[in-house]
Protein chains: 2
Amino acid sequence: MPNHRPAGPSEHQKALTNPRSDRVKAVRSLSRRSVRSRAGEFLAEGPQAVREAVNHRPDLVRDVYVTAEAAARHPAIVQNALDRDLWVHEVSPEVLAAMVDSQAPQGIAAVCSTLDVTLEAAMAALVGPTDLRPAALVCVLTNVRDPGNAGTVIRGADAAGADLVIVSDSSVDVYNPKVVRSTAGSLWHLPICVGEPVPAILAALRSAGVRLLAADGSGASLLPDVDLTSSHAWVMGNEAWGLPADLREACDEVVQVPIYGRAESLNLAMAATVCLYASAQALHAAH
Amino acid sequence: MPNHRPAGPSEHQKALTNPRSDRVKAVRSLSRRSVRSRAGEFLAEGPQAVREAVNHRPDLVRDVYVTAEAAARHPAIVQNALDRDLWVHEVSPEVLAAMVDSQAPQGIAAVCSTLDVTLEAAMAALVGPTDLRPAALVCVLTNVRDPGNAGTVIRGADAAGADLVIVSDSSVDVYNPKVVRSTAGSLWHLPICVGEPVPAILAALRSAGVRLLAADGSGASLLPDVDLTSSHAWVMGNEAWGLPADLREACDEVVQVPIYGRAESLNLAMAATVCLYASAQALHAAH
């Protein structure tokens, strides 16, 4: 099977056309968590994810697979990948479809190395007050099980300019294709820490001087009343049952997003976004 | 087929057990937009939707269908329905599953009359300054196609205390089972106006003295800089392509939610929730 690093699109090798080849099976097997975990690799699907991976973390991109049709539709992505000396393989639509988890494959995918950082490294890198803003903003997901929710919260944390996202060991795998897709590229934009138990996460943040704010409908404090101008972390719970009592008690403050109408609650991604944006606006206004 | 209005749970009639009966087919056909539109009815599925329908708009509930198991799990919903003299029918799990659109039926559903109000009535009911707050808050969905997004925005508008939601004729049907489900009961909490073209909606709001704020990533104004203390409507566009130029120009101001990090954008439901919550907080703080 040809597998050369082309110097330019004109030197593309013969397209991969056998959907039953070992290579295709190996890529497809990345849809399983155990395989991802063993290989330290995962699959980025679609132009948005591949573009962000190539632009922001080319060091982590192992192989880009693209159909002729998608290469014509997204020339900048292919050119960027080639400019960065990445492996770009032309594949038939059947091969691409056999590689990806998506029901509607978009013609391009990339095998990437996992990008999470250790809790220790994340804490060391956490910025204190800077020229740009007065404090650090962290988002912690505990027991979040729905891939779409987890990805949407990571996207919201990125949009709000969070410095770090921590996803606990009891949550969905951030390299799950549905999570990757719903981050809309944000997975490659900010440091992400995974696989640690919640108590270790809270202890590390506390040692780093980060105030712990539990977001929960039972909160005694209302979001607009909370001081958000110093370093803090939003600790989010499960989409159905929220945060357990012991975890709420381990935080410095339990905060609820006020409900002004008759809705019972906001969903997890909406509540997280409202909290993170309140933080972003307070941090920027305070500076 | 027994179909009596029972005075209490003890007088439940014989359960409906034939999933191929005409009644079951009639209920199931409400999953089609054309049937809903002709019948002026739709199906509320699951305990949350049925509870909110029975509590808030019992006048619009035609029939409640419940399995013995769900009736035991949700006695308050059944009792409330009986207290309000509603028809409650016990059905076998097979009948319930044949009635509903959901892959995971939750044992209870209700056929409800549609609840939308006319644009004229909505404008007449729109409150001006009240004891509770200084101005009206409206949410307008134009060209929103994804049922989950539409439902989530309606839920967010309810949580933010909006006075009215308007869904244009070019958007998804609010009585689509997926929309109903993702509103989490909010469909019954606030007036909803459907089926009007966007120009008529904007003209009506303008005549009512409501300022039109287009939410769009191209906006010249940043959300934190916009005065949100007078009556205003958030005009939201399609999830993929946003608002077309002519629609943006028809609004008084085009507002963007600032992106503090490296994300390209927020998704529609998140952007709408951040805008609506900024409004809610400004309106409450101003009062």
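The model is predicted. Chain B superposes on chain A by a rotation of 180° with 0.0 Å of shift along the axis, at an RMSD of 0.0 Å. The two copies are thus related as by a two-fold rotation axis.

**Relation of the two chains**

- Two copies of a chain are related by a rotation about an axis and a shift along it.
- Here the rotation is 180° and the shift along its axis is 0.0 Å.
- The same surface serves both copies, as 100% of the contact residues of chain B recur in chain A.

**Domains of chain A**

- Chain A is divided into domain 1, residues 9-113, and domain 2, residues 119-285.
- A distance of 31 Å separates the C-alpha centres of domain 1 of chain A and domain 2 of chain A.
- To the contact between them, domain 1 of chain A gives 16 residues and domain 2 of chain A gives nine residues.
- On the side of domain 1 of chain A that touches domain 2 of chain A, helix 2 (33-39), strand 1 (41-45) and helix 3 (47-56) of chain A each supply at least two residues.
- Helix 3 of chain A provides the largest share of that side, with six residues.

**Helix 8 and helix 12 in chain A**

- Two packed helices are described by the angle between their axes and the distance between the axes.
- In chain A, the axes of helix 8 (residues 147-159) and helix 12 (residues 268-285) come within 9 Å and cross at roughly 15°.
- Angles under 35 degrees count as roughly parallel, and helix 8 of chain A and helix 12 of chain A are therefore roughly parallel to each other.
- The crossing of helix 8 of chain A with helix 12 of chain A is right-handed.
- From helix 8 of chain A, Asn149(A), Thr152(A), Val153(A), Gly156(A) and Ala157(A) meet Leu268(A), Ala269(A), Ala272(A), Thr273(A) and Leu276(A) of helix 12 of chain A.
- The residues of this contact in chain A comprise six nonpolar, four polar and no charged.

**Helix 8 and helix 12 in chain B**

- In chain B, the axes of helix 8 (residues 147-159) and helix 12 (residues 268-285) come within 9 Å, crossing at roughly 15°.
- Helix 8 of chain B and helix 12 of chain B are therefore roughly parallel to each other, and their crossing is right-handed.
- Residues that meet here include Val153(B) in helix 8 of chain B and Leu276(B) in helix 12 of chain B.
- This contact in chain B involves six nonpolar, four polar and no charged residues.

How values were computed: Residues numbered from 1 in each chain as written. Chains lettered and ligands numbered in written order. Predicted model: local features only at pLDDT ≥ 70, side-chain atom pairs only at ≥ 80, totals over all residues. Axes fitted to C-alpha atoms, helices over the stretch in contact; angles between N-to-C directions. Helix = DSSP H or I, 4+ residues; strand = E, 2+ residues; numbered from the N terminus. Parallel < 35°, antiparallel > 145°, perpendicular 65-115°, else oblique. Left-handed = near helix turned anticlockwise from the far one by under 90°. Contact = placed C-beta atoms within 7 Å. Nonpolar A, V, L, I, M, F, W, Y, C, P; charged D, E, K, R; others polar. Least-squares fit on C-alpha atoms with pLDDT ≥ 70 in both. Domains from an automatic or database assignment.
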